[in-house]
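Dear colleague,

My findings follow directly after them.

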Amino acid sequence: MSNYYKECKVSRLTIVRKHAISLAVLGLVIGIASSALAIPPEQVLHVDGPIAIAGDPCCFSFNETISMTEPAKPVAIVVTFEESGESDGAVAYLVGLIVNNRACKFFGSGFIPGIIETDTFQPRTFQWIVFPDDGLRKGRNTLTLCGGSAFFPATVTFRSFTLGARLSN
Amino acid sequence: MKTFVIGIALACVAMGIATNAYAVPPNEVLRIETNQTFTGACCSSLGETVTITEPKMVVPVTVTFSTDYRASGNGLIGISVNGHPCATEQNFFTFAPADGTFRSLNYEWVVAPADGLVRGNNTIAVCGGLGFGGGSITFGFNTLAVRISK
């Protein structure tokens with residue numbers, strides 16, 4: 001009787017241990033999956049300024065780049081550009097993106113109007129949507145800020161800016 | 001061993017569900033690359049719509065609208081959820097002259113289940129219009145996106 005009780009106990013312990021291991025593996029895998037879904041640092045760029053961007057009328061590269069890794073079947077990317085105010089007066093400026101070294105393009109709103117009063121700062125946020133047809137491909141993709149003055153050679157100075165993107169998975 | 005295999009299988013299913021949950025169907029994002037002009041006083045549909053599918057237990061969604069614009073006067077912009085009245089809150093736009101340039105605006109709304117979201121398919125439309133006296137607003141390039149809260 002005593003042996004029988006001992007065998008049952010051992011058997012139950014074995015079952016419990018097996019379940020515990022399975023649950024641990026499950027937790028580990030879910031943990032790894034969650035980590036993979038966190039935003040990698042190369043997808044975000046924050047630059048403290050002031051950052052003066054001078055040049056000809058639109059469009060040229062600002063040489064500020066983030067990168068995204070697309071899955072086998074590329075999906076849309078939602079890009080956000082936030083700038084904390086520009087300090088040059090009366091300059092109408094355009095801001096867009098270069099996707100994988102293609103031409104500068106506007107994937108949504110990108111107009112920074114001329115400012116009548118100098119030394120005033122108006123933060124702005126732009127949201128751009130890049131579809132696979134815009135030149136995204138499997139693997140690493142680069143997104144570079146571009147733009148320029150709307151009408152004539154001019155300089156725009158950002159106090160700071162953040163460029164970020166999220167992949168759709 | 002059997003339990004271990006079941007555990008692995010469950011993990012794979014969980015990963016698959018997690019990946020799917022983060023996929024953005026094309027109807028959740030919209031990009032317009034032509035100028036569109038709307039006339040009239042607030043509030044009517046401004047012609048831009050996205051849709052999102054809510055799970056059984058309805059959760060909030062975040063809607064972001066970013067556009068270049070010019071307008072003949074001041075007005076309001078909001079969203080209409082599933083055909084409900086236009087909710088403009090305090091989202092003003094101001095006069096922007098038709099001088100060849102645009103101004104830009106960016107709005108974000110958090111829509112709670114109590115705002116009219118339902119299980120299954122939901123439609124979210126941009127709405128608004130001019131203030132007193134009417135007039136017109138022209139949207140330049142713009143994007144509209146909705147995503148479910150996690």
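For what follows, a residue is called buried if 20 or more other C-beta atoms lie within 10 Å of its own. The model is predicted.

By that criterion, five of the seven residues of strand S3 (residues 77-83) of chain A are buried, so this strand is largely enclosed by the rest of the structure. S3(A) pairs with strand S7 (residues 124-130) of chain A through seven bridges, and the two run antiparallel. Within that pairing, Thr80(A) has Gln127(A) as its bridge partner. S3(A) also pairs with strand S9 (residues 154-167) of chain A, again in the antiparallel sense and over seven bridges. There, Ala165(A) in S9(A) stands opposite Val79(A).

In chain B, four strands form an open sheet in the order S3-S8-S5-S6, with antiparallel pairing. Strands S3 (44-54) and S6 (92-93) of chain B stand at the edges with a single partner strand each, so one side of each has no neighbour in the sheet. Strand S5 (residues 75-81) of chain B is joined to strand S8 (residues 120-130) of chain B by seven bridges. One of the pairs is Gly78(B) with Cys127(B) in S8(B).

As to confidence, chain A has a mean pLDDT of 81, with 70% of its residues at 70 or more. Among the elements of chain A, the highest mean pLDDT, 97, belongs to strand S5 (residues 104-105), and the lowest, 59, to helix H1 (residues 2-36). Where pLDDT is low, the predicted coordinates should not be read in detail.

Yours sincerely

Note on methods: Residues are numbered from 1 along each chain as its sequence is written. Chains are lettered from A and ligands numbered from 1 in the order in which they are written. This is a predicted model: local features need pLDDT of at least 70, side-chain atom pairs count only at pLDDT 80 or more; totals for chains, interfaces and linings use all residues. pLDDT is the predictor's confidence in each residue, from 0 to 100. Two strands pair if DSSP finds at least two bridges between them. A residue is buried if 20 or more other C-beta atoms lie within 10 Å of its own, exposed if 12 or fewer, and partly exposed in between; C-beta atoms are placed from the backbone.
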